[in-house]
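I open these notes to keep track of what I looked up, and in which order, while going through the structure.

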Amino acid sequence: MTQPLDRTARLPELGALDRDGGEIWVENPFDIPNSGINLSAYERNRVYLNQSGEGFLEASFATGADIDADSRSVIAADFDRDGQPDLLVGSVGGGPLRLFRNRFPSKPHAVRIDLVGVESNRPAIGARVVVHAGGRQIVRDLFPENGSLAQGPPELLIGLGDAERIDRLTVRWPRGRVQEFRNVPADSRISITEGRSELEVTGPLGGRSVKTAANTE
């Protein structure tokens, strides 16, 4: 709308509509509830599998998440805490929340990192984590997923492939402090507190054993 604060403003069609193709126009969006127009779009969801950064494989049918619903909200997070991201999908129209558990047969090494801010905001939103492992550099910024009526947890789940430990892990906190740790074990849940020289290994990830690590700042 050209006048978003004026509920009476009206904007006429800007061109011919393909009504047979489902195109619609409402001169004032506040008229939609009384217009009888249904904005729901019932079509199958799509899931794409990242192929090591070289492209994506359309894997919707194999995942079972290709439900025929007007889905809007989706969260990718490790709900069952096994080290693999799952999907929580919400649909409009009173439909149920659906949790799709990740049963992918291959389980590469991974690490879950919980950051605790002290000088920065407590959940450390805006922190950057750089991981060097197995000859690769992995960069992750901590910004919880924020989609349509959905928000993910403020944590980082980082896949490490075949690497059994992290050679070097660097955290740049939102207030600018930089901390570095070395020889961090894979397949672990770790907690890092801003300004504290030692990270805390809180347990194994996905039932795997955890090897000890020597950490330095």
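Entry 1, overall build. I note at the outset that this is a predicted model. I counted two helices and 17 strands in the protein, and I found that buried residues make up 33% of its 217 residues. Turning to contacts between residues at least 6 apart in sequence, I noted that 44% of them join residues at least 24 apart. For the accessible surface I have about 13,500 Å², with 49% of it belonging to carbon and sulfur atoms.

My count came to 13 salt bridges. In one of them, Arg10 pairs with Glu27, with the closest N and O atoms 3.2 Å apart; both residues are in the segment before α1 (32-35), 17 residues apart. Arg10 is partly exposed at 46% relative accessibility, and Glu27 is partly exposed at 34%.

I next took Arg46 and Glu58, whose side chains meet in a salt bridge at 3.6 Å, N to O. Arg46 lies in the loop between β1 (43-44) and β2 (48-50) and Glu58 in strand β3, so this pair ties together parts that are twelve residues apart in sequence.

For Asp80 and Arg101 I have a salt bridge with the closest N and O atoms 2.7 Å apart. Asp80 is in the loop between β5 (71-77) and β6 (86-91) and Arg101 in the loop between β7 (98-100) and β8, so the pair joins parts 21 residues apart in sequence. I also recorded one network, in which salt bridges that share partners join Asp78, Arg81, Arg112 and Glu155.

Which phi value does Ala124 have? I read a positive value near 65 degrees, in a residue other than glycine; Ala124 sits in the loop between β8 (109-116) and β9 (128-133) and is buried, with a relative accessible area of 0%. Asp187, not a glycine either, has a positive phi of about 55 degrees. I placed Asp187 in the loop between β15 (178-185) and β16 (188-193), and Asp187 counts as buried because its relative accessible area is 7%, where the cut-off is under 20%.

Key: Residues numbered from 1 in each chain as written. Predicted model: local features only at pLDDT ≥ 70, side-chain atom pairs only at ≥ 80, totals over all residues. Heavy atoms only, no water. Helix = DSSP H or I, 4+ residues; strand = E, 2+ residues; numbered from the N terminus. Buried < 20%, exposed > 50% of the residue type's maximum accessible area, 1.4 Å probe, protein only. Contact = heavy atoms within 4.5 Å. Areas by Shrake-Rupley, 256 points an atom, 1.4 Å probe, with all protein chains shown as cover. Salt bridge = Lys/Arg side-chain N within 4 Å of Asp/Glu carboxyl O.
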